[in-house]
Amino acid sequence: MTEKQGKQPVTGPEHGGRRTLYQRMHLIPQRVGILIAIALIVISIPVGNARELNKKMAAAQRVWDGKATGLAMSQIVEGRVADAANLLTIMKRYPKTATPQRDALEAASQQLQKAHGVSATARASQELEAALLDASDALLQEQSALRQEDQQLVKQVVDSASDHRAKQVVLARDYNREAENALKAYESMPARLFLSKPELFELRAQ
């Protein structure tokens, strides 16, 4: 073997393996950077969507909390519960009259007091309204057993319940108008599966 031949570069598998490892070491930072960039993009989409949705829902929440109109949904709920309590007080004076309706009204009142959120409040309010009307009708059908003053009190409770319902309908419509804007935005968001869907207050025709 000549000296020139002895200086030929080594191209065996071991040397090739070292070059590959060297190249990989240089690729690691690039790959990590790409993964980090992808992760940031993936995270930023739901975060950005959540911020936008919160801004849209802020107007609806102001209506719900009474900051926009001066009358909060919680105040209306308290009024409806008070109507039920007043009617129950009258009904308890006649323990043998309209017992099933009294029990249903008491259960509906407790359900509304425990309700949280828009949909639950809407359902519980409607159930309480139906129970109160059923109970008042059953009680007034027993006019011969009711004192005259109690008959008048029952009618006053029904009028008060009607007034609270009217106020609730107005507030619910104002809330829904703002919440519908948020709902439209939600439906167009790429990350909507990771976000809470805006709730509407369901109103039943009377």
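What percentage of the 206 residues of the protein count as buried? In this predicted model, the share of residues that count as buried is 33%.

## Overall make-up

The protein contains 6 helices and 0 strands, and, read from the N terminus on, its elements follow the order α-α-α-α-α-α.

## The pairing of H5 and H6

Helix H5 covers residues 118–140 and helix H6 covers residues 148–187, and their axes come within 11 Å of each other while crossing at roughly 160°. Because angles over 145 degrees count as roughly antiparallel, H5 is described as roughly antiparallel to H6. The crossing in which H5 passes H6 is left-handed.

On the H5 side, the residues that meet H6 are Val118, Ser125, Glu129, Leu132, Leu133, Ser136, Leu139 and Leu140, and their partners in H6 are Gln151, Val154, Val157, Val158, Ala161, Arg165, Gln168 and Tyr175.

## The largest nonpolar core

The largest nonpolar core is made of 39 residues, and the ones with the most contacts inside it are Leu87, Met91, Leu105, Leu139, Tyr175 and Phe201. At least two residues of this core are supplied by each of helix H2 (13–65), helix H3 (73–91), helix H4 (99–114), H5 and H6. The largest share, 10 residues, comes from H5.

Which residues is Leu87 in contact with, leaving aside its neighbours within four places in sequence? The partners of Leu87 are Leu105, Leu132, Ala135, Ser136, Leu139, Val154 and Val157. Two of these partners, Leu105 and Leu139, are themselves listed among the residues with the most contacts inside the core. Leu132, Ser136 and Leu139 also take part in the contact of H5 with H6, where Val154 and Val157 are among the residues on the H6 side.

## A closer look at Lys167

Lys167 has its place in helix H6. Is this residue buried, partly exposed or exposed? Because its relative accessibility is 39%, Lys167 counts as partly exposed.

Not counting residues up to four places away in sequence, Lys167 touches Leu71 and Ile76. Although Lys167 and Leu71 are 96 residues apart along the chain, their C-alpha atoms are separated by 8.8 Å.

Technical notes:
Residues are numbered from 1 along each chain as its sequence is written. This is a predicted model: local features need pLDDT of at least 70, side-chain atom pairs count only at pLDDT 80 or more; totals for chains, interfaces and linings use all residues. Side-chain values use heavy atoms; hydrogens and water are left out. Axes are lines fitted to C-alpha atoms, for helices over the stretch in contact, and angles run from 0 to 180 degrees between N-to-C directions. Helices (H or I, at least four residues) and strands (E, at least two) are DSSP runs, numbered from the N terminus. Angles under 35 degrees count as roughly parallel, over 145 as roughly antiparallel, 65 to 115 as roughly perpendicular and the rest as oblique. A crossing is left-handed if the near helix is turned anticlockwise from the far one by less than a right angle, and right-handed if clockwise. Contact means heavy atoms within 4.5 Å. A nonpolar core is a set of buried Ala, Val, Leu, Ile, Met, Phe, Trp, Tyr and Cys residues joined through side-chain atoms within 4.5 Å. Buried means under 20% relative accessible area, exposed over 50%, partly exposed in between (1.4 Å probe, protein chains only).
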